[in-house]
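Here is a short report for a reader who is new to this structure. Take a look at the model first, then read on.

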Amino acid sequence: MKLTLGTKRDRQAEGMSARLAAIVESSDDAIIGKTLDGTITSWNQGAQRLYGYAAGEVIGKSISLLVPPDHPDEVPQLLERIGRGETVKHFETVRVGKDGKRIDVSLAVSPIKDFSGRIVGASTIARDIVERKKLEGQLRVTSLYARNLIEASLDPLVTISPDGKVTDVNEATIKVTGVAREKLIGTDFSDYFTEPQKARQGYQQVFSQGLVKDYPLTIRHTSGQTIDVLYNASVYKNEVGEVQGVFAAARDITAQKQASQYARSLIEASLDPLVTISPDGKVTDVNEATIKVTGVAREKLIGTDFANYFTEPDKAQAGYQRVLAEGFITDYPLTIRHKDGKLTDVLYNASVYKDVTGKVLGVFAAARDITERKKIEEELKKHREHLEETVQQRTAELTRVLKEVQEAVNVLSASASEILAATTQVAAGATETATAVSQTTTTVEEVRQTAQVAAQKAGHVSENSQKTVKTAQSGKKAVGDLIEGMRHIGERVESIAESIVRLSEQGQAIGEIIATVNDIADQSNLLAVNAAIEAAKAGEQGRGFAVVAQEIKSMAEQSKQATARVRTILGDIQKGTSAAVMATEQGSKAVEASMGQSSVAEETIRVLADSISEAAQAAMQITSSSQQQTVGMDQIAAAMENIKQTSTQNAASTRQAESAAQNLHDLAQKLKTLLE
Amino acid sequence: MAEAEVNGNAKRKSINWAAVHRRMEAAAVALTQGGVSSPEAKREILRSRARSLARETEKEGMPGERLEVIEFLLAGERYAVEASYVREVYPLRELVSIPGTPAFVLGITSVRGKILSVIDIKKLFDLPEKGLTELDKIIVLQANGMEFGMHADAVVGMRPIALEDIQSPLPTLTGIRERYLRGITGDQVAVLDMGKLFSDKSLIVHEEVEI
């Protein structure tokens, strides 16, 4: 901005300008002037405060210096609007300060015109709204928080109008009265107490005095239950100070009452003498133990000097003064004097007690009777001395014993080594045994299976043998039948032979007869010859006779021929019968041989049957034996299994023993080391 | 098994018992009818006899001189003697050999109570001993008051022989055979000469010497 001097008007303007400049300079707000292309032309104190740059640092530079990189178009848009003659008001945005911090600002941008009214730049008034924004946020939160606090408060809270009507309540009030919020609001506050009059007086007191504190009242619940409360209440006003009503907060003191009673009884029950002392050294309260130890009544004690009851009143006084000065003392030794002169050694622990505001109200002092303790300490001391002696004796004894122990440990160590070696061997042996037993078990199992197979086979053999025995018996019977049949055949063949021999003999008889006939024929022939000779001798007379002789001769010859034929036939018959006899003889012999063979076969079959029978019996015995064997093998297998388990356990036990021996050995070594 | 074999044998060599029974019955019938010839057989016999009678007639008509001989068999050879010298033929029942007699004398036998000496012409004719002979016939010969038996195996019978049929003995035959043999017929029958045999003194045994 350039100002020219000269005229009166100019002078007036000059004065005005100077005032304006002072106003601008003294403004809390940052006021920045700039050209339409964004070059900074003026920079006031407010701007320096807000952004951190001094005027010299920024004038002549671009306003974009203050714009965060994420708002690149903002300034050109603003300047364009200004260029058009618009004014921008309360534009809330973000700027970057010199230290790089982002600043929430509210901008008011106005155009700057020259004398001719031409817009030549823009003036920006920026207000830091960080605080405002924070406050706004806080307020919002505070209000909500306050309401929540009110609602969450365990104390019944209520606001009352000047005419005594309930205007607002919280959850605790609803709970304590048992009446719903809507019903409570608008009703008389005093209605909800056992003493409505007192309640009314209470809030009237608030209106008259501005507040009440610990005003005791009893709220009646709709169920009839009553709750003792203490009321704190104050008026609340509007902005102009007019009283709007009463804000009353009640506190349920039922529990407090109980706690206080509980504390009191604890105090009374305490065996230690307890006392409270005022800052000027007067007793303000005591418990039963104090009464006992002093022999003075409670009423007489209260209000008297605390120091009066000790053998050393000065020391007692110094004690409680030290408490008041330092806040506490511990194990402060004093001696209480009883009314009848009896003394009690005590240790005092004491501390100050304060009210809520921290003001010291007095000293709380607790004494502990140490008479007994002292006695005990004396005795303890004696005991300790005795103990020392005993310990010395014992130590001497122990040294001696230790030596013996050392020797024993040496022996033990050696023995442990031997035991370890032996146990290791035993462990190895046990493992081998376990392996062997395992193998044996396997073998036994195999043998058992084999025995079972044998038993089955023996069973089969037995069955087959039974069948074979039956077959052999039937075979024996068949052979017997066969021999009987053969015997019949033999008899028949013999009778056939006899018949044939008889036939042959008859053929012989026929032969004899035929020989006789032949003889006769021969003689007849001779006779015929003789007759012929005689006929020839007789000559012609013998001629007829010769013919007859010839005829006789011819007949004799025919007879001879017939006998020859018969003889031939007889020979044939003889041959046939001989052959037949021979055949029957052979047949007979064959039958005999067959019979013999059959007998042999019968005997053989009998022997065979006997053998098979024996074999069957043997097979049966084998079967039963095999079954017994199988049972036995089962038992052996079970036994072996037991042995296996036992040996496995043995091996495990031995390993444990080995490890124990190792431990023993190690222990012996350790003992040895310790003793050496 | 045994039964099966029996069955097998039966099948292999089955006997048809029914056929056997039939054959036996037939044989029995044949035996009971034995000996009784059928009328045809009888007629055949008669017819053959008639034929034989007729042939005898033809023989009588034979030309030339005939000789009636008895033909006999000895050691398989056929011999014949003149029927006129034969008294009879007889079966030889017993023969008792006489020690101290020539080899051709077989011994003595009894014919109807008469002692008769028996000679063996095989020995007489030095014929070979051809196997066994029956020697159960004797031909009783007699001439000139002398009588003896000649041994033969079998007597064939009496037959006539034409003299012209008898041929001279072979020149190879010498000694005693030539002496007693008359000749041989066409059918190889040796005809003995009985006249010479009876006249031969060597046949007569000197009893005085023998005793």
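How much area do chain A and chain B bury between them? The two chains bury about 1600 Å² between them, and 57% of that area is on carbon and sulfur atoms. This is a predicted model.

## The contact between the chains

Chain A brings 18 residues to the contact, and chain B brings 19 residues. On the chain A side, three residues stand out. Leu526(A), Ile533(A) and Arg543(A) supply 31% of the area that chain A buries against chain B, more than any other three residues.

Asp522(A) forms a salt bridge with Lys137(B), with the closest N and O atoms 2.8 Å apart. There are also five residue pairs in polar contact between chain A and chain B, both residues being at pLDDT 80 or more.

## The chain A side

Which helices of chain A each supply at least two residues to the side that touches chain B? They are α13 (371–538) and α14 (543–675). The largest share, 12 residues, comes from α13(A). By class, this side of chain A has eight nonpolar, three polar and seven charged residues.

Over all chains, the structure holds 39 salt bridges. Side chains of opposite charge can pair when their charged atoms come close.

In chain B, Glu88(B) forms a salt bridge with Arg87(B), the closest N and O atoms being 3.0 Å apart. Both Glu88(B) and Arg87(B) are buried. Glu88(B) also pairs with Arg112(B), and here the closest N and O atoms are 2.0 Å apart. Arg112(B) lies in the loop between β4 (105–111) and β5 (114–119), while Glu88(B) lies in strand β3 (residues 86–91), so the pair ties together parts of chain B that are 24 residues apart in sequence. Arg112(B) is exposed, at 58% relative accessible area. Glu88(B) has 9% relative accessibility, so Glu88(B) counts as buried. Salt bridges that share partners join Arg87(B), Glu88(B), Arg112(B), Lys114(B) and Glu147(B) into one network.

## A pair along a helix in chain A

Arg322(A) forms a salt bridge with Glu326(A), and their closest N and O atoms are 3.6 Å apart. Why are these two residues separated by about one helical turn? They are four residues apart in helix α12 (residues 313–326) of chain A. Arg322(A) is partly exposed, with a relative accessible area of 38%. Glu326(A) is partly exposed too, at 48%.

Terms used
Residues are numbered from 1 along each chain as its sequence is written. Chains are lettered from A and ligands numbered from 1 in the order in which they are written. This is a predicted model: local features need pLDDT of at least 70, side-chain atom pairs count only at pLDDT 80 or more; totals for chains, interfaces and linings use all residues. Side-chain values use heavy atoms; hydrogens and water are left out. A salt bridge is a side-chain nitrogen of Lys or Arg within 4 Å of a carboxyl oxygen of Asp or Glu. Buried means under 20% relative accessible area, exposed over 50%, partly exposed in between (1.4 Å probe, protein chains only). Contact means heavy atoms within 4.5 Å. Buried area is the accessible area (1.4 Å probe) that two parts lose on being put together, summed over both. A polar contact is a pair of N or O atoms within 3.5 Å; within protein, one must be able to donate a hydrogen and the other to accept it, and residues adjacent in sequence count only if both atoms are side-chain atoms. Ala, Val, Leu, Ile, Met, Phe, Trp, Tyr, Cys and Pro count as nonpolar, Asp, Glu, Lys and Arg as charged, and the others, Gly among them, as polar.
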